[in-house]
Amino acid sequence: MVYWIWVLIVGAIIGLLAGVITGRGGSMGFLANIIAGLVGSTLGQAIFGSWGPQMAGMAIVPSVLGAVILVLVVSFILGFFNRKNA
């Protein structure tokens, strides 16, 4: 049980870092940070591997890189649809 709480906390921190790095994290809430962190971690480790320091089973550097990619792609897609509807 404690492990899953730790995973959620680390996922939220990774998502928060991705939002700060991209400058698009201002509108992201706590739940969105967790989702971006966990999905970004999976994406980053699939692309870049599991190297560097790890917390809660997530390699920090590839996880942050994956979350940054995820936030940029989602922001681009949402921005495209918002421009199209405006």
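Predicted model: local features only at pLDDT ≥ 70, side-chain atom pairs only at ≥ 80, totals over all residues.
Colleague: Where does alanine 56 lie, and what is its phi?
Modeller: Alanine 56 sits in the loop between S1 and strand S2 (58-59). The residue is not a glycine, although its phi is positive. The value is about 55°.

Colleague: How much space lies in the largest pocket, and which lining residues are closest to its centre?
Modeller: The largest pocket holds about 280 Å³ of space. Its lining has 13 residues. Those closest to the centre are Met28, Ala32, Val71, Val74 and Leu78.

Colleague: Which helix gives the most to the lining of the largest pocket?
Modeller: Two helices each supply at least two lining residues: H2 (30-48) and H3 (60-85). The top contribution is 6 residues. That comes from H3.

Colleague: How many residues of the pocket lining are nonpolar?
Modeller: Take the lining of the largest pocket by class. There is 1 charged residue, and 3 are polar. The nonpolar count is 9.

Colleague: What is the area of the nonpolar surface patch, and which elements give two or more residues to it?
Modeller: Leu43, Ile47, Phe48, Trp51 and Val61 are among its members, including also Leu65, Ile69, Val73, Phe76, Ile77, Phe80 and Phe81. Together they make a patch of about 1,000 Å². The elements that give two or more residues are H2 and H3.

Colleague: How many residues of the nonpolar patch come from H3?
Modeller: H3 supplies the largest share of the patch. H3 also gives the most to the lining of the largest pocket. Its share of the patch is 8 residues.

Colleague: Is phenylalanine 76 buried or exposed?
Modeller: Phenylalanine 76 is in helix H3 and belongs to the nonpolar patch. Its relative accessibility is 56%.

Colleague: Which accessibility class holds leucine 70?
Modeller: Leucine 70 lies in helix H3. Its relative accessibility is 21%. Buried would need under 20%, and exposed over 50%.

Colleague: What is the C-alpha separation of leucine 70 and isoleucine 21?
Modeller: The two residues are 49 residues apart in sequence. In space, C-alpha to C-alpha, the separation is 12 Å.

Colleague: How far from alanine 67 is leucine 17, by C-alpha atoms?
Modeller: Leucine 17 lies in helix H1 (residues 2-22). The residue is partly exposed, with a relative accessible area of 39%. Along the chain, leucine 17 and alanine 67 are 50 residues apart. Their C-alpha atoms are separated by 8.5 Å.

Colleague: What separates the C-alpha atoms of serine 50 and glycine 19?
Modeller: Serine 50 is in the loop between H2 and strand S1 (54-55). Its relative accessible area is 47%, which means partly exposed. The chain separation from glycine 19 is 31 residues. The C-alpha separation is 22 Å.

Colleague: How far apart in space are glycine 29 and valine 68?
Modeller: Glycine 29 is placed in the loop between H1 and H2. At a relative accessible area of 35%, glycine 29 is partly exposed. In sequence, glycine 29 and valine 68 are 39 residues apart. In space, C-alpha to C-alpha, they are apart by 16 Å.

Definitions and conventions. Residues numbered from 1 in each chain as written. Heavy atoms only, no water. 1 Å grid on protein atoms, 1.4 Å probe; cavity = no way out; pocket = protein on both sides within 12 Å on 5 of 7 lines; lining within 4 Å. Points joined across faces, edges and corners; volume = space filled by probe spheres on them. Helix = DSSP H or I, 4+ residues; strand = E, 2+ residues; numbered from the N terminus. Nonpolar A, V, L, I, M, F, W, Y, C, P; charged D, E, K, R; others polar. Patch = residues over 30% accessible without salt bridge, like charges linked within 9 Å, V, L, I, M, F, W, Y side chains within 5 Å. Areas by Shrake-Rupley, 256 points an atom, 1.4 Å probe, with all protein chains shown as cover. Salt bridge = Lys/Arg side-chain N within 4 Å of Asp/Glu carboxyl O. Buried < 20%, exposed > 50% of the residue type's maximum accessible area, 1.4 Å probe, protein only.
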